[in-house]
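Please keep the structure open while you read.

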Amino acid sequence: MKNALPSTIPVLIAGGGPVGLTLSALLSSQGIANLVIEADDGYCSGSRAICMSRRSQEILGWVGADRPLVEKGLSWVGGRSHWRNTEVLHFEMPSEPTQRFAPMVNIQQFYVEEFAHRAAQAQGGSAQVNWASRVSAVRPRADGVAIDVDTPEGMQTVSAQWLVACDGGRSTVREQLGLQLEGTQYEGRYVIVDIVQKTQREVERLAWFDPPSNPGSTILMHRQPDDVWRIDYQIRDDEDPLEAVKPENVLPRVQSHLDMIGETEPWEPLWISIYNAKCLTLPSYRQGRVLFAGDAAHLVPIFGVRGLNSGLDDAGNLAWKLARVVQGRSPDALLDSYSVERVHATRENIAYGAKSTEFMAPPNFAYRLMREATLRLAVSDARVRSLINPRQSSPITYVGSPLNATQPQTWVNEQAAPGAPAPEALLQGPQGAFHLSSRFGHHFVVLAFGGDPQRSLPDLEVLAITPAMDVRNQAWQRFGLREPDQPALVLVRPDGYVMGRWHGLDPAPLRATLNEKRVLA
């Protein structure tokens, strides 16, 4: 057969969207051969998921895909909301000049797919993508999974040690295993439109509630690269969704709003779709040798941009664990922590997303009444404006993770408690300034404050942080130390999450944690 698939593979990834391709790149960077099966014949069309969080930029940075994304994308830090044509909120996300990445970057999803794919290809040939092919049957076994793949050359069977389902909201793998998502689906629908139009506006999130251009609707606008506007607008509950996406119904609404906000340059449509919010998840993301990530595992509302960003966090959490298991460096029980942590993260994201959805697409009269009252009050009362804030995506702390070390000692703050994402810090090294987050992504890292225990930890990557390096006083304060030269050890996982921290430089409790959690061979 001309394009025969490998008969065996360590990891088969069902779905070549941004989550599957990012996972492929992350696994390849750690030497794990993997095969991606994608039903489409190339990258997606239309903008789809467009807002990339700082955390997602960090994850893509582990394989070098951050640079093209940042260079192509449009960074932003805040946004404005309007009731009718009066501004009622101007918000800014936490940001500072010393940060490595902006809080958000707007970029079309197909660019994310391209950059992740290119990163996978650059890892030395351990990743393969088979386009225009789809998983048709899944047969789990004790030592792996047999997968039937329908390809242009005919049906082929691949035996994989592990199968990761990244095949979206209508996951074939999930269906094959008889699994169902649980949760809530909202009725409110939004039409999504990409148009090409030149503009001089700043890059920020723009929202209008009940605008004169489209009375009763809610409209969102984001600038994208290539002079593209992404416009989302809510349709009435009684509108036929099939009729709502027809150009003759979409284009007049878009024109009316562009006229209202003074965007007079010529424009043309590129892509039209429709969406309704869902708060759904599997109860577990591991079923034996099958793992679930992205929309195959959970569906969260677009409001607050938690969809793709949470999927990339799935990939970042799973990749290092799966690589260690495939390499025989950790027991497969380590993968149970992937499910525990990411299900917890999804439930947090769903809680935030549900609140945003109930404001952006009120499910009943009571919610609509409450929203209108809030918007009316926000015109003159700054105290209620925080209720309009869209609460953008941020990394979730893994409270109760089985990997978290116990923390019997007292610390100044809990910002870097076990289970929390390691705080960012800009440090000064022999070769110049560097961001702490740039050291994460592949290995366990021990941060040593007030000394260097390298001789006691020869098999771990140790970064000794001295007061001279921490010239901005960011690291010692954010990691909860009392003073710059206080001795302490902080163990950071490959995905940039704190696993444990201890006062002093004695490596014994750190070693005991690694042995107890069985993450190192």
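This is a predicted model: local features need pLDDT of at least 70, side-chain atom pairs count only at pLDDT 80 or more; totals for chains, interfaces and linings use all residues.

Residues are numbered from 1 along each chain as its sequence is written, and side-chain values use heavy atoms, with hydrogens and water left out.

A few terms come first. On a 1 Å grid over the protein atoms alone, a cavity is a set of points where a 1.4 Å probe fits but cannot get out; a pocket is an open set with protein on both sides within 12 Å along at least five of seven lines; and lining residues have an atom within 4 Å of a point. Grid points are joined across faces, edges and corners, and a volume is the space filled by probe spheres set on the points. Helices (H or I, at least four residues) and strands (E, at least two) are DSSP runs, numbered from the N terminus. In the class counts, Ala, Val, Leu, Ile, Met, Phe, Trp, Tyr, Cys and Pro are nonpolar, Asp, Glu, Lys and Arg are charged, and the others, Gly among them, are polar.

How many cavities of 30 Å³ or more does a search of the whole structure find? There are two.

| Space | Volume | Lining by class |
|---|---|---|
| Largest cavity | about 40 Å³ | two nonpolar, three polar, two charged |
| Second largest cavity | about 30 Å³ | four nonpolar, two polar, one charged |
| Second largest pocket | about 920 Å³ | 14 nonpolar, 14 polar, eleven charged |

Around the largest cavity sit Q197, T199, R223, Q224, D227, V228 and W229. Strands β14 (218-224) and β15 (228-234) each contribute at least two residues to that lining.

The second largest cavity is lined by N214, I219, I231, Y233, R253, V254 and H257. Two or more of these residues come from each of β15 and α7 (247-261). Which element gives the most to this lining? It is α7, with three residues.

The second largest pocket has 39 lining residues, and R54, Q99, S394, P395 and P421 lie nearest its centre. Elements giving two or more residues to that lining are α2 (54-61), β6 (86-92), α8 (307-326) and α9 (334-360).

## Strands around β11

Next comes β11, with its partners. Strands count as paired if DSSP finds at least two bridges between them. Strand β1 (residues 8-14) runs parallel to β11 (residues 154-165) over six bridges, and I13 has V164 as its bridge partner in β11. Strand β10 (residues 144-151) pairs with β11 in the antiparallel sense over seven bridges.

Buried means under 20% relative accessible area, exposed means over 50%, and partly exposed lies in between (1.4 Å probe, protein chains only). Contact means heavy atoms within 4.5 Å.

Leaving out residues up to four places away in sequence, L258 touches I195, Q197, M221, E263 and W267. L258 and S213 are 45 residues apart in sequence, with their C-alpha atoms 8.4 Å apart in space.

R501 lies in strand β25 (residues 498-503) and counts as buried because its relative accessibility is 1%. A polar contact is a pair of N or O atoms within 3.5 Å; within protein, one must be able to donate a hydrogen and the other to accept it, and residues adjacent in sequence count only if both atoms are side-chain atoms. The R501 side chain makes such a contact with the side chain of Q407 at 2.7 Å, and the R501 side chain also reaches the backbone oxygen of F479 at 2.9 Å. Apart from neighbours within four places in sequence, the residues in contact with R501 include W411, E414, P418 and L489.

T513 is found in helix α12 (residues 508-517). With 7% relative accessibility, T513 counts as buried. Again setting aside neighbours within four places in sequence, T513 is in contact with A405, M499 and W502.
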